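Here is a short report on a ligand and the space that holds it. Look at the structure first, then read on.

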Amino acid sequence: MTEIANVRGRRVWDSRGRPTVEAEVQLSDGTMGRAIAPAGASTGSGEAQDKRDGGDAFGGLDVQDAVASVNGEISGALRGCDPRDQAAADRLMIDLDGTPDKGRLGGNALVATSMAVAHAAAASAGLPLWKYLGGDRTDIALPLPEVQIFGGGAHAGRRVDIQDFMVIATGAETYTQALDWTAEVYRAAGVLMQDAGLMQGVADEGGFWPAFDTNELALDYLVRAIERAGFTPGDEMAISLDIAATDFGSGGRYRLATDARDVDSDALSEMLLGWLDRYPIVAIEDPLGEDDPAAMARFTAAAGPNVEIVADDFICTSAHLIEAAHAGNACNTALIKPNQAGTLTEAKAALDAARVSGWDAIVSARSGETEDVTIVHLAVGWGVKQLKVGSFARSERMAKWNEGLRIGEALGDDRLPPRQSFPWGD
Ligand code: PGA
Ligand code: ZN
């Protein structure tokens, strides 16, 4: 039997120039898998905790302890394991860590190793990861991209309150076409910003810096960019927002600093429902805070079934938080970020819980990313219909979009899931 011969950790650097953990799983047959942990900025409280060293170096963000865990305890525990038994490998690491939030060994150490185990198993089988995970499924499709045009919130120094102003090529038939259209909208948005004297570079995920005086102005510019690029807003190119409300509110009170307004849950909901009426928005993420489930349920009911109400901080890629949200009628779509869960097995369990709940799902990157493209393979292999990896600039983002092109080519078909399979396609 091919077994795990060694696990090696090393410190590498992420897209914000911060240290992160890379793991390499070496197998007895000479094959190897490698993966890098990403890092969030607008994190939910239920996420697996990264291990950071503290102290003076790199703002306290060094990961020497987490790397030492990979090279020491984790490698020791996984040696001799079957790399194809992802669940067993992940269970071993979870038990070894022994804490509810993976804070002892570090969520960053665990997720990098967990993903590297999957890559090693796929390499040993002589398959790309998406194919290894997809098994004999014949309905494999490329995911529909959700792409940031303006960054905001915690990714842009809180220049505007809302975190992600994104587009979804709802009218595109293929993955290639979706990227082509998105590239035109991104370019048009840049020209508009330049012409208006608002161009100030890009935010953490590559979206243009949101030099707007109100949150709503970003929406106006988004519609104008779609039109300028020659597309029909709502029909061909629709809008998606990540409000990331946990970042600017708690206890049912929210501070909209850009608009100089303090609002309660109902007033925030009303503002967002007004946007749903006036703009071609098909998805809205974390519209209310993670501690505001009753308001989230009211918002979900008011928004109706044709809009994706996406839970990110609200569910933190946790099966039991998804089950609770579903029981409380809050949200209808799960954002799946492997590092929020800490292992691939738990991220997949969250996806399964979403599916049992009748929810849609989106595989997502973090604001701190690298050249690692594992999540693209997860989206394809797990049959997830949507993919969110940030904007259409910066190589840690483009690496993911480009990997999707390669997978489409290998599949011989880069068709997207049918429009009717999305809530807005009815
Ligand atoms: P994060 O942002 O990685 O900073 O959490 C992404 C998101 O909120 O979806
Ligand atoms: Zn989010």
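The text below covers the ligand site, its contacts and the cavity.

This is a predicted model, where local features need pLDDT of at least 70, side-chain atom pairs count only at pLDDT 80 or more, and totals for chains, interfaces and linings use all residues. Residues are numbered from 1 along each chain as its sequence is written, chains are lettered from A and ligands numbered from 1 in the order in which they are written, and side-chain values use heavy atoms, without hydrogens and water.

Ligand 1 is surrounded by 14 residues, each with a heavy atom within 4 Å of it. Among the closest are Arg-366 and Lys-388. Domain 1 (4-126) and domain 2 (144-425) both give residues to this shell, so ligand 1 lies between them. The domain bounds come from an automatic or database domain assignment.

Polar contacts (pairs of N or O atoms within 3.5 Å) include these:

| Residue | Its atom | Distance to an oxygen atom of ligand 1 |
|---|---|---|
| Ala-41 | polar backbone atom | 2.6 Å |
| His-155 | side-chain N or O atom | 2.8 Å |
| Ser-367 | side-chain N or O atom | 2.6 Å |

The protein covers 99% of the 270 Å² of accessible area that ligand 1 has on its own (Shrake-Rupley method, 1.4 Å probe).

Where does ligand 1 sit? Ligand 1 is in the largest cavity, with more than half of its atoms within 2 Å of the grid points. A cavity is a set of points on a 1 Å grid over the protein atoms alone where a 1.4 Å probe fits but cannot get out.

Technical notes:
Polar contact = N/O pair within 3.5 Å; in protein donor to acceptor, adjacent residues only side chain to side chain. 1 Å grid on protein atoms, 1.4 Å probe; cavity = no way out; pocket = protein on both sides within 12 Å on 5 of 7 lines; lining within 4 Å.
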